[in-house]
Every structure is written in C-alpha cells, then in structure tokens.
2 protein chains.
Amino acid sequence: MNIERLIRKNIRKLRPYEARELKCRAKLDANESPFEFPELLSASLDVKTNRYPDPQGTELKKLAARRWKLKTENILLGNGSDELIYYLILTFGGPVMYPTPTFSMYEIIAKATGQKAVGVRLDRDFDLNTERFISAIKKHKPKLIFLSTPNNPTGNCFSSDRIFAISKATSGLVVVDEAYQPFASKNGFVPFLESMENLVIMRTLSKIGFASLRVGFLLSQSSVIEAVNRVRLPFNLNSLSQAVAKEVFKNYKVVMSRIKEIVKERDRLYRELKNLESVTPYPSEANFILFKVRDASRLHRSLLRRGILLRDMTSQVKDSLRVTIGTKEENDLFLNSLKSLVK
Amino acid sequence: MNIERLIRKNIRKLRPYEARELKCRAKLDANESPFEFPELLSASLDVKTNRYPDPQGTELKKLAARRWKLKTENILLGNGSDELIYYLILTFGGPVMYPTPTFSMYEIIAKATGQKAVGVRLDRDFDLNTERFISAIKKHKPKLIFLSTPNNPTGNCFSSDRIFAISKATSGLVVVDEAYQPFASKNGFVPFLESMENLVIMRTLSKIGFASLRVGFLLSQSSVIEAVNRVRLPFNLNSLSQAVAKEVFKNYKVVMSRIKEIVKERDRLYRELKNLESVTPYPSEANFILFKVRDASRLHRSLLRRGILLRDMTSQVKDSLRVTIGTKEENDLFLNSLKSLVK
C-alpha cells in the first residue's frame with residue numbers, strides 16, 4: 001500500500017522538526033536553563049495516577065493569573081507553547097505571518113495545518129521592518145502574525161512602536177511570543193492586553209527552568225481564549241506537569257533569582273565575546289547569544305568534539321552560531337574552547 | 001473587536017468537550033481505573049526539570065515495543081490518544097468516518113480540523129452494519145475510519161469479520177482504537193498489523209490506571225508512523241509522564257492483575273444488573289457497562305445526589321446510563337442505591 005499517496009498534499013514535503021539528543025559536557029543548544037529545581041518534583045507524588053487531569057487546570061490558572069494580574073478567563077493552558085500555536089492556527093486559520101529569521105515552529109505548524117506561511121524579512125538590526133510588514137499585510141491579509149520578542153535566534157526585542165504599528169495595520173490577531181521575556185530588560189506586553197484588542201501573548205515555563213514539564217500559557221481577552229478553547233483537547237495538560245507547575249509559581253522568587261543570574265552571565269559572556277577579534281556577538285535580551293564567526297559550521301563541529309553543544313544557525317543567519325547561557329563553569333568552558341579554536 | 005468574525009467557519013459552531021469536575025463518593029463516570037498506583041510516581045523525581053523531554057521517547061517506545069512484539073519504528077507516542085487523533089486527521093485529512101454511537105472525540109476533532117465527519121449507525125446489537133458502512137465508504141471515500149473496539153459507550157467488541165470487510169472496502173486507513181482492549185476477552189488487532197496494510201491501532205494508559213499521565217500509542221507500519229511524525233510536535237510528551245509510563249510497563253504484572261479484578265467486578269455487576277427487573281444492561285468487554293433504564297436522566301441526577309457519578313448517555317443511546325467499574329465497595333454502593341431508586 002502506498003502510504004505517501006494518502007498523505008495530505010501540504011504534509012508531503014513537510015519534515016519533522018529535528019530535535020537530536022547528543023551527549024555532551026555543556027549542553028548550550030536548546031535555550032534551556034542550566035539550573036535544575038528537583039525540590040519541586042515532589043509535588044508530582046500527590047497526583048492520583050488513575051484520574052484524568054483537571055481539564056481546566058483551575059488552580060494553575062489561578063496562580064498564573066495572580067502573577068500576571070489577569071483573570072483566569074484570560075488564560076488558556078497548553079502542552080507547551082507549541083501546542084498553543086497549533087490551536088491558534090486551527091481556530092483562526094491563515095495566512096500565518098512572521099518575521100524571518102524567527103522561531104521555526106510558526107512556519108512548520110502553519111504548513112502542517114495546511115495554511116499559507118508568509119515570512120517577512122527583518123531589517124539589518126534584526127528589528128521589524130514596519131514598511132515591509134504593512135505591505136505584506138495588505139497583500140496577504142494574515143489571520144495571525146507571530147512576533148517572538150525577544151526574538152529567537154537573534155536575541156533582540158522588537159521595538160514596541162513597530163509592534164503597535166503592525167497591530168494597527170492588521171485585521172487579524174498579533175501573537176506576541178514572550179518565551180524569553182523574563183530575560184529582557186524592558187517590560188512585556190501583558191499591560192497592553194486591555195487596550196490592544198487583537199493582542200495575544202504566549203508565555204512558557206520552558207526557558208526559565210522547566211522545559212521538562214511542557215507548560216505554555218496563552219494570555220488574551222476572554223473571547224479569544226473562549227474561541228481557542230473550542231479546539232483544545234480536554235485533557236491536554238497532564239496531572240504531573242500541572243502539579244509541578246503550581247510549585248513553580250509558588251517558588252517564583254527562586255526562579256527569578258536564577259533568571260537574574262543567567263542575565264548577569266549573559267552580559268558577561270557578551271562582553272567577553274565582543275573582546276574577541278574574530279567573533280561578533282549580537283546584543284541579547286534573552287538567555288542565549290547569537291554570534292557571527294568565520295567557518296561557523298566547522299567551529300560548531302569542533303566545539304561539539306570538545307563536548308560543547310551549540311546550535312548551528314547558519315541556515316537562518318549567515319555565519320552564525322547560537323549559544324545558550326549556561327552556568328558560569330559551562331560558559332567559561334565554552335569561552336576557553338572558543339578562544340583556543342578561533343585564535 | 002469582533003473575535004467571532006475571525007474564527008474559522010468550521011470552528012464557529014464547535015463547542016468544547018465538556019469535562020466537568022464534581023465532588024462525589026463514587027466517581028464512575030469517566031472510565032478511569034479505581035486503583036491508584038502511587039509507588040510508580042517516584043520515577044518522576046529523577047527528571048531533570050530544566051531539560052526538554054526526550055523528543056523520541058526512545059526508552060518508553062522500547063518498552064512498549066517489547067510488550068506488543070513490535071519494533072520502535074512501529075510506534076508513535078501521543079499526549080493521550082486524543083492528540084493522536086488530531087495528528088492522524090492532520091496527516092491524512094478527511095472525510096473521517098466512524099460508527100454511531102461511539103467515542104465523541106473523532107467527530108469533535110474532525111470538525112476542529114475542518115474535515116467532513118460521517119457517522120454510520122451501528123446495528124441493533126451495536127455491531128458494525130457492514131452493508132451500511134460499505135455503501136457510506138463508496139459514497140464518501142473516507143481517508144480515515146475510526147473503530148473503537150470495545151466500543152465506547154456500548155461496551156461490545158465489533159465482529160472481527162466486519163472490521164476486515166470494512167478494511168477491504170476502503171482505500172483509506174482503518175484506525176482501531178483499542179483503549180478498552182485490555183478488558184476484552186478476545187485478542188486485539190496487533191497481530192494483524194503485518195497483514196492488514198491499512199491498519200492503525202491506538203492504545204492508551206488512561207483506562208488501565210494512568211489517565212493522569214496522558215500517554216497514548218499509535219501502532220502501525222513504519223511508513224504510517226513516519227508520516228504522522230511529520231505533524232507531531234517535537235516535545236509532545238513531557239518528561240514526567242515518560243518517566244512514570246516506563247514504570248507502568250516495568251510493573252505490568254500488577255497492572256494486569258488489577259485489570260483482571262475489574263473484569264471480575266464487571267461480570268458480577270452485569271449479572272446483578274440483569275437481575276433487576278427495570279434495568280437492562282448491555283454485555284460489556286470494557287471497564288464500564290451501559291444499561292437501559294426508565295427515566296435515565298432523572299435517575300442519573302438522583303444517583304448524583306447520593307454522591308454516585310455516572311455518565312448520562314441518553315443523547316447517544318435512548319434511556320441509557322454508563323457506569324464505570326469501580327472498586328467492589330463503589331460498585332456495591334452504586335448497586336444498592338440503584339435498587340432503592342428504581343424499585
């Protein structure tokens with residue numbers, strides 16, 4: 001039987017997102033936090049193994065609502081933000097628009113759901129090119145515009161003014177993906193939820209120490225949440241992740257102090273990279289740094305041989321690698337290896 | 001801003017699957033196991049909170065493969081079977097066909113993804129009506145046919161011969177949902193995976209004691225698995241559920257002994273219900289019993305007032321309620337209350 005023939009046309013050329021597992025001394029490729037928080041896991045022991053999870057995630061939503069000064073009706077929980085991207089596109093359709101380069105899942109999921117995916121090139125400073133965006137909006141009439149700020153893999157925040165301008169120009173929704181917002185110096189968009197009617201925000205626990213749990217949050221006005229909830233699987237967030245995620249909010253002070261430590265290390269690493277003649281780091285408001293270097297892919301492999309795993313970004317940004325901020329020791333290991341390799 | 005206008009047409013009439021949380025003495029509404037297995041939860045303590053889950057779920061797949069005598073390439077993991085239904089429909093499209101009455105998510109997810117949903121009425125014995133099915137196949141040319149066997153909410157297994165006949169008549173895939181197979185007296189369809197080219201099987205941990213985890217398995221030939229994997233989110237199964245699910249397979253003997261206990265209780269409950277003049281139970285191969293009774297919805301409410309929660313099935317099968325098999329004590333509580341109410 002020819003299975004290929006049965007596959008929907010939009011899926012035929014799609015290849016799965018590659019997430020490889022490599023043994024290494026310093027895993028600096030996936031924008032994870034270097035800090036574990038095993039003490040919180042004991043919350044999972046209270047779970048009733050045989051019962052379905054709370055379908056609404058009420059307690060977790062309450063804690064999230066308190067943190068972001070919202071109501072629970074403004075929050076939808078996802079099995080990671082990835083799932084929320086799926087739900088948004090299933091609910092509102094396409095075309096789906098996003099800047100390039102950016103997080104690859106917007107395009108992948110748009111294509112998986114059979115929607116048109118439109119990338120709009122960022123300007124030279126990796127900021128939004130408002131003119132180019134507005135003309136693309138006029139042409140394609142997107143239902144959803146995904147703006148990751150701080151942006152992955154470039155690390156910068158987009159100018160708020162430009163986000164506002166794009167939001168005004170579209171009759172669709174603007175989804176501000178704030179996965180890396182906790183590491184940024186500027187405030188996020190939560191305060192604008194009331195005044196910007198077409199604003200949707202995504203937050204996640206993945207970058208601040210809890211990628212294992214797969215917990216994402218969609219924040220928006222209640223009519224958007226209610227709409228997206230129609231396509232949500234009733235038990236999309238398992239009981240164990242709900243239990244531990246509640247502890248994350250209860251222990252947010254510790255989480256915050258670790259975020260501060262990462263930001264401090266990021267700024268140190270940036271300065272050190274800037275001092276290297278053959279390396280050009282881009283300023284970052286996230287928990288990673290993108291840097292330009294000659295023979296980037298070869299350097300990536302050389303570092304890997306020394307047990308240091310970075311992300312090769314050359315297919316998205318010429319000659320560039322992305323390094324996640326690790327512990328001080330991991331960052332030093334990376335720096336010293338880099339110095340010896342690029343001379 | 002009018003959000004309703006932005007919602008895709010196929011979603012506008014869609015309402016979310018209602019999963020309510022009600023306090024009760026005997027929760028016999030959701031086909032969960034009555035038995036907890038808290039000892040297994042300690043596996044979740046080994047998880048590295050800060051790292052993404054194994055994107056392939058390799059170790060869990062190996063254990064599942066050993067159990068079902070398959071290769072890991074024949075298995076895809078889902079965040080519950082629900083997610084696998086989503087992925088199947090996103091990969092192969094519609095029309096989506098299923099018997100009625102059956103598990104409601106096939107229809108809900110088909111509609112959420114914008115696909116045509118075609119229900120084909122079961123015969124008087126709740127078995128597949130082959131003739132009606134084959135003529136519906138000719139007319140609608142479904143890409144996917146979902147057959148839940150044992151079927152929910154009717155409890156019976158479909159005749160294998162009829163499943164084979166339907167499989168031969170369609171040029172699409174036949175998805176045999178074996179969520180309740182562990183409670184059935186007949187063997188499941190895993191042995192037919194090699195000979196039935198268009199066969200896909202779904203299994204789950206939800207009914208055998210681990211609904212909290214949200215772990216589902218898609219079993220099929222590798223070309224089907226590879227195709228569905230293209231739309232799978234890379235980290236769809238969190239680390240905690242993976243860790244505990246591995247323990248489930250390692251402790252399958254205990255799980256099996258509990259399944260046997262539930263089957264024994266089911267058969268006792270069936271006999272007791274059959275002895276009641278005003279109650280007509282349908283034979284069951286699952287962990288629940290559907291029964292006919294006068295004023296079913298009123299009885300449902302009366303039982304609830306006594307703290308006994310059943311599922312009201314009157315909208316799907318006239319005058320019927322569905323009771324999940326609980327512990328001996330819960331079943332007796334239900335039986336005694338029922339006797340006093342229907343008298």
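**Notes on a predicted two-chain model**

1. Let's start with chain A, which has 13 helices and 13 strands (both are DSSP runs numbered from the N terminus, helices being H or I with at least four residues and strands E with at least two). Its radius of gyration is 20 Å, close to the 20 Å that the globule rule gives for 343 residues, so chain A is as compact as a globular protein of that length. That radius is taken over C-alpha atoms, and the rule is 2.2 Å times the number of residues to the power 0.38. The C-alpha trace of chain A spans about 55 × 55 × 50 Å along its principal axes.

2. A word on what you're looking at: this is a predicted model, where local features need pLDDT of at least 70 and side-chain atom pairs count only at pLDDT 80 or more, while totals for chains, interfaces and linings use all residues. Residues are numbered from 1 along each chain as its sequence is written, and chains are lettered from A and ligands numbered from 1 in the order in which they are written.

3. How much of chain A is buried? Buried residues make up 52% of its 343 residues (buried means 20 or more other C-beta atoms within 10 Å of the residue's own, exposed means 12 or fewer, partly exposed is in between, and C-beta atoms are placed from the backbone). Of the contacts in chain A with a separation of 6 or more, 70% come from residues 24 or more positions apart; a contact here means C-beta atoms, placed from the backbone, within 7 Å.

4. Helix 3 of chain A (residues 58–68) has buried residues A:Leu60, A:Lys61 and A:Ala64. They cover an arc of only 95 degrees around the axis, which puts them on the same side of the helix; the arc is that of the directions from the helix axis to the C-beta atoms. A:Thr58 and A:Arg66, on the other side, are exposed. The cover over the buried residues includes strand 2 (75–78), strand 8 (216–220) and helix 10 (239–250) of chain A. Just after helix 3, A:Lys69 takes a positive phi of about 55 degrees.

5. Next, a sheet in chain A: four strands in the order 9-10-13-12, open and with antiparallel pairing (two strands pair if DSSP finds at least two bridges between them). Strand 9 (279–281) and strand 12 (311–312) are the edge strands, each pairing on one side only. Strand 10 (residues 288–293) and strand 13 (residues 320–324) are joined by five bridges, and A:Phe291 stands opposite A:Leu321 in strand 13. Helix 12 (residues 296–305) lies across strands 10, 12 and 13 of chain A, at about 35 degrees to strand 13. Axes are lines fitted to C-alpha atoms, for helices over the stretch in contact, and angles run from 0 to 180 degrees between N-to-C directions.

6. Over in chain B, four strands form an open antiparallel sheet in the order 9-10-13-12. Strand 9 (279–281) and strand 12 (311–312) of chain B have a single partner strand each, so one side of each is left without a neighbour in the sheet. Three bridges join strand 9 to strand 10 (residues 288–293) of chain B, with B:Pro281 opposite B:Phe291. Helix 11 (residues 252–274) of chain B lies across these two strands, running at about 10 degrees to strand 10.

7. Finally, A:Glu197 sits in the loop between strand 6 (173–177) and strand 7 (199–204) of chain A. Is A:Glu197 buried or partly exposed? With 16 C-beta neighbours inside 10 Å, A:Glu197 counts as partly exposed. Leaving out residues up to four places away in sequence, A:Glu197 touches A:Gln221 and B:Met1.
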